[in-house]
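This report describes how two protein chains are built and how they meet. Please keep the sequence and the structure in view while reading.

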Amino acid sequence: MTRPLQLLAIAGVLLFISLSSACGSGGDAESQPSASETPSSERAYRQASIMQQQEGSVSEQGDGEQQADPVAEHGDGDLGDGEGGGEDLEVMASGEIDFGHRIGLPFSRNVVGDPDAPVLIVEYSDYQ
Amino acid sequence: MIEEAVRSGLARYEYRHFIVFGAASEFAAMATECAGDQGAWWEFKDAYMLEGLARSFTQAGALDLARAEGLDLDQFSQCLDNDAHADRLLLMRQQGIADGVTGTPTFYVNDRPGARAIDALLEQIRAAAEVAERAGS
């Protein structure tokens, strides 16, 4: 009676091991695609990141060129129009003066008046 | 008088910092540019130049002005602390030197040196407008 029980126990253990192995490989088989997807996802993510960085650097260069443009275009170094700021800053830096003796005049940072006015008056000054 | 020319559409007016009186002036110029980021460039320019607020040439004074104008004080302080517009101020100075500025105030009318006397300057503006009008027609 002891030996059959031992054999049965051994058979049970072997069955358990084989089933466990089968389930494990099945799990691996299922996880492999996702494992293989992960690197490709990572690559895609990295590529997207690089592209974004490249686009960012291009747009930054573009911004830099735009900032340099006023000087290049005007030759006299037109330093108005919110140069040095981003789009949001430019929006904030222009509008219509709502106080004092210039009330109602359009402005763009340190320039006031009609952008199409035929005459540009530049004043270099120190506050003190 | 210049405002009349600007208001009539004849001219636009651009102010450029040209620091000759040292650190306090430079600070005030920086504060003006930082205020300009939030749309208050001319408020600060007038406060410094017209009202002659000596106290506003200090950090505390600039913050008072910024507070009075309802600016974002954190953004304003960060701009000041980082000297965020140092390049812009340097560019203005370099451009002034290139233009031949030796003292302040110095005016230019369509890139030509402007007269110091206001009447002569206005005459220059009118003449420049006529030239531009003839060139445009």
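## Terms and model

A residue is called buried when its relative accessible area is under 20%, exposed when that area is over 50%, and partly exposed in between. By this criterion, helix α3 (residues 41–49) of chain B is mostly covered, with 8 of its 9 residues buried. The model discussed here is predicted.

## The two chains

Chain A contains 2 helices and 4 strands, and its pattern along the sequence is α-α-β-β-β-β. Of its 128 residues, 24% count as buried. The accessible surface of chain A is about 8,400 Å², and 58% of this belongs to carbon and sulfur atoms. When contacts between residues at least 6 apart in sequence are considered, 26% of those in chain A join residues at least 24 apart.

Chain B contains 7 helices and 3 strands. Starting at the N terminus, its elements follow the order α-β-α-α-α-α-α-β-β-α. Of its 137 residues, 47% count as buried. Chain B exposes about 6,800 Å², with carbon and sulfur atoms supplying 51% of that area.

## Two covered helices of chain B

Which residues of α3(B) are buried? They are W41(B), W42(B), E43(B), F44(B), K45(B), D46(B), A47(B) and Y48(B). These buried residues pack against elements of both chains: β2 and β3 of chain A, together with β1 (11–17), α2, α4 (59–68) and α5 (73–81) of chain B.

Helix α2 (residues 23–36) of chain B has 14 residues and spans 20 Å from its first C-alpha to its last, close to the 20 Å expected at 1.5 Å a residue. Because 11 of its 14 residues are buried, α2(B) is largely enclosed by the rest of the structure.

## The interface between the chains

In the interface, 38 residues of chain A are in contact with 57 residues of chain B. The area buried between chain A and chain B is about 4,800 Å², of which carbon and sulfur atoms give 54%. I121(A), Y124(A) and Y127(A) supply 21% of the area that chain A buries against chain B, more than any other three residues.

On the side of chain A that touches chain B, the elements giving two or more residues are α2 (87–92), β3 and β4 (119–125) of chain A. The largest share, 7 residues, comes from β4(A).

One residue of chain A at which to look is N110(A), placed in the loop between β2 (106–108) and β3 (111–112) of chain A. Is N110(A) buried or exposed? Its relative accessible area is 0%, so N110(A) is buried. A polar atom of the side chain of N110(A) lies 2.8 Å from the backbone oxygen of Y15(B).

## Salt bridges

Side chains of opposite charge can pair when their charged atoms come close. Over all chains, a search of the whole structure finds 9 salt bridges, and 4 salt bridges are found across the interface of chain A and chain B. D37(B) and R109(A) meet through their side chains in a salt bridge, at 2.9 Å from N to O.

Within chain B, R16(B) and E14(B) form a salt bridge, also at 2.9 Å from N to O, and both residues are buried. R88(B) forms a salt bridge with E33(B), in which the closest N and O atoms are 2.6 Å apart. This pair links distant parts of the chain, as R88(B) lies in helix α6 (residues 86–99) of chain B and E33(B) in helix α2 of chain B, 55 residues apart. R88(B) counts as buried at 6% relative accessibility, and E33(B) is buried with a relative accessible area of 0%.

D64(B) and R67(B) form another salt bridge, with their closest N and O atoms 3.0 Å apart. Because these two residues are 3 residues apart in helix α4 of chain B, about one helical turn separates them. D64(B) counts as partly exposed, at 33% relative accessibility. Finally, salt bridges that share partners join R109(A), E33(B), D37(B) and R88(B) into one network.

Note on methods. Residues numbered from 1 in each chain as written. Chains lettered and ligands numbered in written order. Predicted model: local features only at pLDDT ≥ 70, side-chain atom pairs only at ≥ 80, totals over all residues. Heavy atoms only, no water. Expected span 1.5 Å × (residues − 1). Buried < 20%, exposed > 50% of the residue type's maximum accessible area, 1.4 Å probe, protein only. Areas by Shrake-Rupley, 256 points an atom, 1.4 Å probe, with all protein chains shown as cover. Polar contact = N/O pair within 3.5 Å; in protein donor to acceptor, adjacent residues only side chain to side chain. Contact = heavy atoms within 4.5 Å. Buried area = accessible area lost by both parts, 1.4 Å probe.
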